[in-house]
Structure formats: structure tokens, C-alpha cells
Amino acid sequence: PRYVQREVQLRMALAVARAIAAREALVVEAGTGVGKTFAYLVPTLLSGARALVSTATKSLQDQLFLRDLPRLVEALHVPVTVALLKGRASYLCTHRLAQARQGAQLPDRWAVRALSRIEQWARVTASGDLAEVDGLDERSSVIPLVTSTRENCLGADCPEFRGCHVMKARREAMLADLVVVNHHLFFADMTLRDTGVAELLPSVEVAVFDEAHQLAEAGVQFLG
């Protein structure tokens, strides 16, 4: 319904399909309104290859995973499993939430409200992705209190390890046919080999970098 054929979108999709078939690199520049996302997702999904799609922003990551990919998988009738993987700072750590509830010194009433909202959401979330929390500013001072870092994560010694949202997201990414990541996670993994993507990359046949104009900046930030 409401499909409009665009010659430029079709040309891009065919170029992507040829690059995948020939296992070649392809760089595409296309303006607004071309429909770039579908132009690379359709041939990637139809190829049957194990794929990784990386974006510059978390908002595009969420759009791909929550809207575009489900629509295309249904429309194309392809038996593809899709996973979303972000950095650990995007996921709730239930152990640190419990600590914050007991002893955190919150700076203002907005932080108190944000923590209360996270506590209510924590009871029902399946993914632990903080992007699900309505109205939560990603710059909120509460987020570092309820997420883990490499330095403060207890790993297998954590009392909440079995239900850890980060570990669950990594397991799902390992099993998926197509994984949606972001440039920062991609390069952080190259440097740290600590995000779980390291084990994915050798077995991925197709890698797509959307918003690639920001790729160099992210690469320099992590690789020097």
C-alpha cells in the first residue's frame, strides 16, 4: 500500500545487491528522500547473508529495529531474526538500581522523579534498554547510577548476573541473522574487545554503515 517507485532508490538497491553478491565494497551517496534505508535493507535481507548494520545515532538504531526491519521482514516473508545491540551504558543494571535506591545522593527533585520512573519501568521491561523510558533525558544524572561500566561491573560475581540485560542483549546478538549496532560500539569493540560484538564480526558476511559520513569521526575517537 502507498508504495511509490523511485528510480534512484532502485538503482541503489541493485548496486547494493551486486556488491553483496560479488563480496565487494560499495560507497553510496544519496540525498534526502531517496529511501536509502530500504534500498540497503531489502537486498541485505534477501541475500540470506548474516549481516551487521551500524548507525551513527541511537535514534536511527531504534528506528531500524522497531519500525523498518519488522515491516520489511513481514513484507518480504523472510525468516530472519533481528537483534539490537547498544553499549552497556544504554542498559539498566538491576544491581546498581538497587544500590541507587538505598544510598544514592540525588541532586534535585527531577533526579528523584527520574529514578522513580526507572524503578516502575524496571518491573516490566524485557530488554532493559533505557530508551524505552518515556521522558528520560539521556543526559540525566541518574543514568550513571543505574547503569554499569567496565570498571564497576561485577560480571559473573554479580547477584543479578542471571537476569543481566547487557548479557541478554549480547546473547541475542550472537544468535541473530542481522544485528543493529552503532559506530561507537563497533569501534569500541575493535579497541576493547569487551562488548560482545568481537565474536560477531568474523562470522558476519555483510556489514552496512549507515550515516557513514560520521564514521571517520567515531573511528578517530576510538582508534586515535
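Is Cys93 buried or exposed, judged by relative accessibility? At 15% relative accessibility, Cys93 counts as buried, where buried stands for under 20% relative accessible area, exposed for over 50% and partly exposed for values in between (1.4 Å probe, protein chains only).

The model is predicted: local features need pLDDT of at least 70, side-chain atom pairs count only at pLDDT 80 or more, and totals for chains, interfaces and linings use all residues. Residues are numbered from 1 along each chain as its sequence is written, and side-chain values use heavy atoms, with hydrogens and water left out.

With a disulfide taken as a pair of cysteine sulfur atoms within 2.5 Å, a search of the whole structure gives zero disulfides. For Cys93, the nearest cysteine sulfur belongs to Cys158, 5.5 Å away. For Cys164, the nearest is that of Cys153, at 6.3 Å. Cys164 has 21% relative accessibility and therefore counts as partly exposed.

Helix α2 spans residues 36-47 and helix α3 residues 58-76; helices are DSSP runs (H or I, at least four residues) numbered from the N terminus. Their axes, lines fitted to C-alpha atoms over the stretch in contact, lie 11 Å apart at an angle of about 50°. Angles run from 0 to 180 degrees between N-to-C directions. The two helices α2 and α3 are therefore oblique to each other, a class left over once angles under 35 degrees (roughly parallel), over 145 (roughly antiparallel) and 65 to 115 (roughly perpendicular) are set aside. Residues of α2 in contact (heavy atoms within 4.5 Å) with α3 include Phe38, Tyr40 and Leu41, and those of α3 include Leu64, Asp68 and Leu69.
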